[in-house]
Amino acid sequence: MEKTVTLAHGAGGLETALLVKELVKLFAIKNTPGGTGLRELEDSALIPLGEYYLAVTADSYTVNPIFFPGGDIGKLAATGTINDLAVMGAEPLAMLDTVVVEEGFPLEDLSKIMNSMARVLEEEKVALVGGDVKVMPKGALDKIVITTMGLGLVEKNRIVRNSGLKPGDVIIINGTVGDHGAVIMACQAGIEVETSLVSDCAPVTKAMRIALEVGGVHAAKDPTRGGLAMALNDLAKKSGVSILVHEEKLPIREEVIAYCEMLGVDPLTLACEGRVVLGVDREVAAEIVEALREKGYREATVIGEVIEGRVPRVYMRTKIGGTRIVEEPRGEIVPRIC
Ligand code: MG
């Protein structure tokens with residue numbers, strides 16, 4: 001049977017990682033001299049530029065529905081791009097976007113979406129310096145797809161790498177887990193989303209600046225597709241360590257737990273769009289959590305720690321005192337979540 005692309009290949013879990021690994025093999029030149037790229041597969045690639053690195057990232061947005069509680073595809077595209085720069089320690093500078101839209105799409109909706117994108121970029125002082133618009137015939141595309149490219153600058157001594165975790169480090173998250181994923185999942189299932197639950201879609205630049213100001217940040221990642229489970233596994237693998245998470249410390253909203261139970265999904269696999277997972281020096285962990293809480297991230301908290309691990313794994317100490325392995329998610333999870 002001919003092998004074809006499945007929705008699981010786009011879900012951000014194991015299948016995505018395996019597909020990317022295969023495709024990446026086709027490209028002989030994987031980074032610029034002295035920089036990083038396809039070999040490292042971090043949130044942004046780095047291109048050396050004197051005292052700085054130019055951080056570069058690209059992303060596509062296919063979220064369904066395109067308007068959801070707490071945001072829309074335009075806000076998501078801008079924040080997602082900014083966040084992949086910010087977690088590397090970079091200051092986002094500029095973005096480019098390409099919009100592919102279906103014939104018959106309401107112009108008013110298009111302008112709403114672009115307005116949301118514009119508002120995020122303006123607040124974050126990020127320039128939109130280029131882009132493209134294409135239209136496909138009715139039925140050839142589901143409404144709209146937005147692709148972005150983000151550019152940022154980071155001083156060489158301020159860089160934060162996915163591979164930087166060390167045994168003894170403490171894992172912090174700046175807010176609740178899985179809000180965005182739960183909202184999209186509920187919308188797709190036709191469940192009316194409770195007004196108290198909105199997507200966490202927001203830039204993490206402020207959270208990163210707060211943490212970097214305190215110092216001792218060894219690694220950072222935005223737990224988007226594949227959720228916290230994927231992000232932690234990725235950090236563990238790239239750093240060659242294991243991570244132990246404490247279930248009782250995980251900040252998860254009651255509504256998110258309820259939707260997850262209803263639809264049989266693990267909240268750890270649900271995408272966040274305004275969260276950052278930080279691996280920090282134990283000495284400064286309390287100070288970073290305090291600083292985050294003081295500056296508006298009231299649910300910021302320690303969720304675990306980094307431990308030695310010859311085989312990198314993510315473990316969870318459960319509420320009842322057992323320990324289980326948190327695997328990289330697989331299958332469709334929630335399709336078209338971002
Ligand atoms: Mg990322």
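Analyst: Helices and strands are here taken as DSSP runs, a helix having at least four residues and a strand at least two, and they are numbered from the N terminus. On that basis, Lys 143 belongs to the loop that runs between strand S6 (127–136) and strand S7 (144–155). Although Lys 143 is not a glycine, its phi is positive, at about 70 degrees. The model is a predicted one.

The domain assignment divides the protein into domain 1 (31–158) and domain 2 (170–325). To their contact, domain 1 contributes 24 residues and domain 2 contributes 24 residues. Taken over C-alpha atoms, the centres of domain 1 and domain 2 are 22 Å apart.

The size of an interface is often expressed as the accessible area that is lost when the parts come together. For domain 1 and domain 2 the area buried between them is about 1,900 Å², with 59% of it on carbon and sulfur atoms. Within domain 1, the residues that lose the most area to domain 2 are Pro 69, Asn 83 and Val 87, which together account for 27% of what that side buries.

As for secondary structure, helix H2 (73–86) and strand S5 (91–102) each supply at least two residues to the side of domain 1 that touches domain 2. H2 provides the largest share of that side, with 7 residues.

Some further local features complete the picture. Asn 64 and Pro 65 are joined by a cis peptide bond, with omega at about 5 degrees. Pro 65 is located in the loop between strand S2 (52–61) and strand S3 (67–68). The ring of Phe 67 has the charged end of Lys 112 over it, 5.3 Å from the ring centre. For Tyr 53, it is the charged end of Lys 156 that sits over the ring, 5.3 Å from its centre. With ring centres required to lie within 6.5 Å for a pair, the count of aromatic pairs is 0.

Notes:
Residues are numbered from 1 along each chain as its sequence is written. This is a predicted model: local features need pLDDT of at least 70, side-chain atom pairs count only at pLDDT 80 or more; totals for chains, interfaces and linings use all residues. Side-chain values use heavy atoms; hydrogens and water are left out. Rings of Phe, Tyr and Trp (its six-membered ring) pair if their centres lie within 6.5 Å; planes under 30 degrees apart count as stacked, over 60 as edge-to-face and the rest as tilted. A charge sits over a ring if NZ of Lys or CZ of Arg is within 6 Å of the ring centre and within 35 degrees of the ring normal. Domain bounds come from an automatic or database domain assignment. Contact means heavy atoms within 4.5 Å. Buried area is the accessible area (1.4 Å probe) that two parts lose on being put together, summed over both.
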